[in-house]
Amino acid sequence: MSLADRIHLLKKEIPQDVVLVAVSKTKPAALIQEAYDAGQRVFGENKVQELVDKWEVLPKDIAWHLIGHLQSNKVKYIAPFVSLIHSVDSFKLLQEINKQGEKNNRVIPCLLQFHIAQEETKFGLSFEEAEEILQSREFVEMHHISIVGLMGMASFVENEEQIRDEFRNLHNYFAILKSNYFKYNPDFKVLSMGMSGDYKLAIEEGSTMIRVGSSLFGSR
Ligand SMILES: *Cc1c(COP(=O)(O)O)cnc(C)c1O
(Lines give C-alpha, C1' and ligand atoms only; values in the text may rest on other atoms or scores of the structure.)
Protein backbone atom coordinates (compact mmCIF):
# COMPACT_ATOMS: atom_id res chain seq x y z
CA MET A 1 0.00 0.00 0.00
CA SER A 2 1.29 3.49 -0.82
CA LEU A 3 1.84 6.24 1.74
CA ALA A 4 -1.07 8.16 0.23
CA ASP A 5 -3.32 5.11 0.65
CA ARG A 6 -2.26 4.66 4.27
CA ILE A 7 -3.02 8.31 5.03
CA HIS A 8 -6.44 8.17 3.36
CA LEU A 9 -7.29 4.92 5.09
CA LEU A 10 -6.31 6.21 8.52
CA LYS A 11 -8.23 9.45 7.98
CA LYS A 12 -11.31 7.47 7.04
CA GLU A 13 -10.91 5.25 10.08
CA ILE A 14 -10.73 8.02 12.68
CA PRO A 15 -13.57 10.41 13.58
CA GLN A 16 -13.59 13.63 11.55
CA ASP A 17 -12.94 15.81 14.56
CA VAL A 18 -9.78 13.94 15.55
CA VAL A 19 -6.67 15.66 14.16
CA LEU A 20 -4.02 13.45 12.63
CA VAL A 21 -0.46 14.60 13.28
CA ALA A 22 1.77 12.70 10.87
CA VAL A 23 4.99 12.10 12.81
CA SER A 24 7.75 12.42 10.24
CA LYS A 25 10.82 12.37 12.50
CA THR A 26 13.89 10.77 10.87
CA LYS A 27 12.04 10.61 7.52
CA PRO A 28 13.32 12.58 4.51
CA ALA A 29 11.63 15.71 3.17
CA ALA A 30 10.72 13.89 -0.04
CA LEU A 31 8.52 11.48 1.91
CA ILE A 32 6.84 14.36 3.73
CA GLN A 33 6.21 15.99 0.36
CA GLU A 34 4.55 12.75 -0.74
CA ALA A 35 2.26 12.87 2.30
CA TYR A 36 1.59 16.54 1.60
CA ASP A 37 0.60 15.72 -1.96
CA ALA A 38 -1.86 13.19 -0.53
CA GLY A 39 -3.48 16.05 1.41
CA GLN A 40 -1.77 15.80 4.79
CA ARG A 41 -0.95 19.22 6.27
CA VAL A 42 -0.07 18.57 9.93
CA PHE A 43 3.34 17.08 10.71
CA GLY A 44 5.11 16.36 13.98
CA GLU A 45 8.84 16.37 14.66
CA ASN A 46 10.70 15.73 17.90
CA LYS A 47 13.99 17.52 17.23
CA VAL A 48 14.38 21.26 16.77
CA GLN A 49 17.14 21.18 14.16
CA GLU A 50 15.33 18.62 12.04
CA LEU A 51 12.10 20.60 12.30
CA VAL A 52 13.82 23.80 11.15
CA ASP A 53 15.58 22.06 8.26
CA LYS A 54 12.33 20.56 7.02
CA TRP A 55 10.34 23.76 7.50
CA GLU A 56 12.84 25.57 5.29
CA VAL A 57 12.47 23.27 2.29
CA LEU A 58 8.83 22.18 2.45
CA PRO A 59 5.58 24.05 1.58
CA LYS A 60 4.83 26.93 3.89
CA ASP A 61 1.22 25.96 4.57
CA ILE A 62 2.31 22.92 6.60
CA ALA A 63 1.36 23.10 10.28
CA TRP A 64 4.50 21.98 12.12
CA HIS A 65 4.11 20.51 15.60
CA LEU A 66 6.99 20.03 18.00
CA ILE A 67 6.19 16.82 19.87
CA GLY A 68 9.50 15.97 21.57
CA HIS A 69 11.28 17.29 24.62
CA LEU A 70 12.22 20.93 24.11
CA GLN A 71 15.17 22.69 25.70
CA SER A 72 14.63 26.35 26.58
CA ASN A 73 17.69 27.50 24.65
CA LYS A 74 16.25 26.09 21.41
CA VAL A 75 12.81 27.70 21.52
CA LYS A 76 14.06 30.68 19.52
CA TYR A 77 14.65 28.58 16.42
CA ILE A 78 11.07 27.39 16.10
CA ALA A 79 9.20 30.34 17.62
CA PRO A 80 8.73 32.14 14.27
CA PHE A 81 6.71 29.34 12.67
CA VAL A 82 5.75 26.45 14.97
CA SER A 83 1.99 25.76 15.03
CA LEU A 84 1.80 23.80 18.27
CA ILE A 85 4.27 22.76 20.95
CA HIS A 86 3.05 19.51 22.55
CA SER A 87 5.79 19.17 25.10
CA VAL A 88 5.64 21.96 27.69
CA ASP A 89 6.89 20.28 30.84
CA SER A 90 8.21 23.13 32.99
CA PHE A 91 7.45 26.67 33.97
CA LYS A 92 10.86 27.78 32.79
CA LEU A 93 10.14 26.46 29.30
CA LEU A 94 6.79 28.23 29.23
CA GLN A 95 8.50 31.51 30.21
CA GLU A 96 10.94 31.14 27.34
CA ILE A 97 8.20 30.31 24.82
CA ASN A 98 6.32 33.40 25.99
CA LYS A 99 9.45 35.53 25.58
CA GLN A 100 10.11 34.23 22.08
CA GLY A 101 6.43 34.62 21.21
CA GLU A 102 6.69 38.28 22.16
CA LYS A 103 9.83 38.75 20.07
CA ASN A 104 8.06 37.25 17.10
CA ASN A 105 4.89 39.18 17.73
CA ARG A 106 2.76 36.07 18.00
CA VAL A 107 0.86 33.90 20.44
CA ILE A 108 2.31 30.39 20.42
CA PRO A 109 -0.16 27.54 21.05
CA CYS A 110 1.09 25.00 23.59
CA LEU A 111 0.02 21.80 25.28
CA LEU A 112 1.02 20.87 28.80
CA GLN A 113 2.69 17.46 28.68
CA PHE A 114 1.67 15.17 31.51
CA HIS A 115 3.53 12.22 32.89
CA ILE A 116 0.90 9.48 32.73
CA ALA A 117 3.04 6.41 32.05
CA GLN A 118 4.41 4.24 34.79
CA GLU A 119 7.77 4.23 33.07
CA GLU A 120 10.34 6.55 34.58
CA THR A 121 11.82 7.74 31.33
CA LYS A 122 8.97 9.79 29.95
CA PHE A 123 8.94 13.55 30.43
CA GLY A 124 5.97 15.43 31.75
CA LEU A 125 4.25 17.28 34.56
CA SER A 126 2.32 15.89 37.46
CA PHE A 127 -1.16 17.24 38.10
CA GLU A 128 0.18 19.24 41.05
CA GLU A 129 2.94 20.80 38.99
CA ALA A 130 0.48 21.79 36.29
CA GLU A 131 -1.82 23.43 38.83
CA GLU A 132 1.10 25.31 40.28
CA ILE A 133 1.83 26.78 36.86
CA LEU A 134 -1.79 27.63 36.12
CA GLN A 135 -2.30 29.28 39.49
CA SER A 136 0.79 31.45 39.31
CA ARG A 137 0.43 35.15 38.78
CA GLU A 138 3.19 35.13 36.22
CA PHE A 139 1.28 32.65 34.08
CA VAL A 140 -1.77 34.88 33.99
CA GLU A 141 0.41 37.66 32.65
CA MET A 142 1.89 35.65 29.79
CA HIS A 143 0.25 37.01 26.68
CA HIS A 144 2.32 35.29 24.03
CA ILE A 145 1.43 31.70 24.81
CA SER A 146 -1.93 29.99 24.70
CA ILE A 147 -2.44 26.71 26.52
CA VAL A 148 -4.82 24.85 24.24
CA GLY A 149 -4.81 21.46 25.95
CA LEU A 150 -2.83 18.51 27.24
CA MET A 151 -0.54 15.84 25.84
CA GLY A 152 0.55 12.50 27.23
CA MET A 153 2.20 9.23 26.27
CA ALA A 154 0.99 5.94 27.66
CA SER A 155 3.34 3.21 28.82
CA PHE A 156 4.88 1.10 26.09
CA VAL A 157 3.28 -2.17 27.22
CA GLU A 158 1.00 -4.87 25.89
CA ASN A 159 -1.55 -4.51 28.65
CA GLU A 160 -4.49 -2.67 27.09
CA GLU A 161 -6.17 -2.01 30.40
CA GLN A 162 -3.11 -0.22 31.70
CA ILE A 163 -2.87 1.93 28.57
CA ARG A 164 -6.59 2.68 28.78
CA ASP A 165 -6.26 3.67 32.44
CA GLU A 166 -3.43 6.05 31.66
CA PHE A 167 -5.38 7.71 28.84
CA ARG A 168 -8.43 7.89 31.09
CA ASN A 169 -6.34 9.63 33.73
CA LEU A 170 -5.21 12.22 31.25
CA HIS A 171 -8.76 12.80 30.04
CA ASN A 172 -9.79 13.25 33.64
CA TYR A 173 -7.03 15.82 34.24
CA PHE A 174 -8.17 17.58 31.10
CA ALA A 175 -11.75 17.80 32.36
CA ILE A 176 -10.72 19.10 35.77
CA LEU A 177 -8.32 21.72 34.43
CA LYS A 178 -10.86 22.77 31.83
CA SER A 179 -13.48 23.40 34.45
CA ASN A 180 -11.11 25.05 36.93
CA TYR A 181 -8.99 27.24 34.66
CA PHE A 182 -10.34 27.31 31.11
CA LYS A 183 -14.09 27.16 31.48
CA TYR A 184 -14.70 30.17 29.26
CA ASN A 185 -11.80 29.58 26.93
CA PRO A 186 -12.95 27.75 23.78
CA ASP A 187 -9.34 27.32 22.66
CA PHE A 188 -8.65 24.82 25.44
CA LYS A 189 -9.89 21.74 23.61
CA VAL A 190 -6.94 19.58 22.55
CA LEU A 191 -6.25 16.21 24.09
CA SER A 192 -3.17 14.89 22.30
CA MET A 193 -2.86 11.18 22.99
CA GLY A 194 -2.38 8.07 20.92
CA MET A 195 0.45 6.81 18.67
CA SER A 196 0.70 4.02 16.09
CA GLY A 197 0.29 1.27 18.66
CA ASP A 198 -2.45 2.77 20.79
CA TYR A 199 -4.37 5.46 18.87
CA LYS A 200 -7.55 3.36 18.75
CA LEU A 201 -7.64 3.06 22.53
CA ALA A 202 -6.78 6.75 22.82
CA ILE A 203 -9.69 7.78 20.61
CA GLU A 204 -12.05 5.58 22.62
CA GLU A 205 -10.81 7.41 25.71
CA GLY A 206 -11.44 10.86 24.26
CA SER A 207 -8.37 11.82 22.26
CA THR A 208 -8.85 14.75 19.87
CA MET A 209 -5.38 14.57 18.33
CA ILE A 210 -3.31 11.50 17.49
CA ARG A 211 0.41 11.46 16.68
CA VAL A 212 1.09 8.64 14.25
CA GLY A 213 4.50 7.90 12.75
CA SER A 214 5.58 4.36 12.04
CA SER A 215 2.26 3.00 10.85
CA LEU A 216 2.22 5.68 8.12
CA PHE A 217 5.89 6.10 7.22
CA GLY A 218 7.24 2.70 8.20
CA SER A 219 9.48 1.77 11.10
CA ARG A 220 12.42 4.00 12.02
C1 LIG B 1 7.76 9.22 17.78
C2 LIG B 1 6.61 9.80 18.51
C3 LIG B 1 5.28 9.50 18.14
C4 LIG B 1 4.93 8.54 17.02
O5 LIG B 1 5.24 7.24 17.36
P6 LIG B 1 4.83 5.99 16.42
O7 LIG B 1 4.82 4.85 17.33
O8 LIG B 1 5.87 5.93 15.36
O9 LIG B 1 3.49 6.30 15.84
C10 LIG B 1 4.26 10.09 18.85
N11 LIG B 1 4.50 10.95 19.86
C12 LIG B 1 5.76 11.26 20.25
C13 LIG B 1 5.94 12.20 21.38
C14 LIG B 1 6.85 10.70 19.59
O15 LIG B 1 8.09 11.02 19.98
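Mentor: Two strands pair if DSSP finds at least two bridges between them. Helices (H or I, at least four residues) and strands (E, at least two) are DSSP runs, numbered from the N terminus. This is a predicted model, in which local features need pLDDT of at least 70 and side-chain atom pairs count only at pLDDT 80 or more, while totals for chains, interfaces and linings use all residues. Residues are numbered from 1 along each chain as its sequence is written, and side-chain values use heavy atoms, with hydrogens and water left out.

Trainee: Which residue of β5 is the bridge partner of V88?

Mentor: The partner of V88 is L112. β4 and strand β5 (residues 108–114) pair in the parallel sense over two bridges. Between β4 and β5 the chain passes through helix α5 (residues 91–103), and this β-α-β crossover is right-handed (with the strands pointing away from the viewer, the path from the first strand over the helix to the second runs clockwise).

Trainee: Which strand does β3 pair with, and in what sense?

Mentor: Strand β3 (residues 63–66) pairs with β4 in the parallel sense, over two bridges. H65 has L84 of β4 as its bridge partner.

Trainee: Is S87 buried or exposed?

Mentor: Buried means under 20% relative accessible area, exposed over 50%, and partly exposed in between (1.4 Å probe, protein chains only). S87 lies in β4 (residues 84–88) and is buried, with a relative accessible area of 0%. Five of the five residues of β4 are buried, so this strand is largely enclosed by the rest of the structure.
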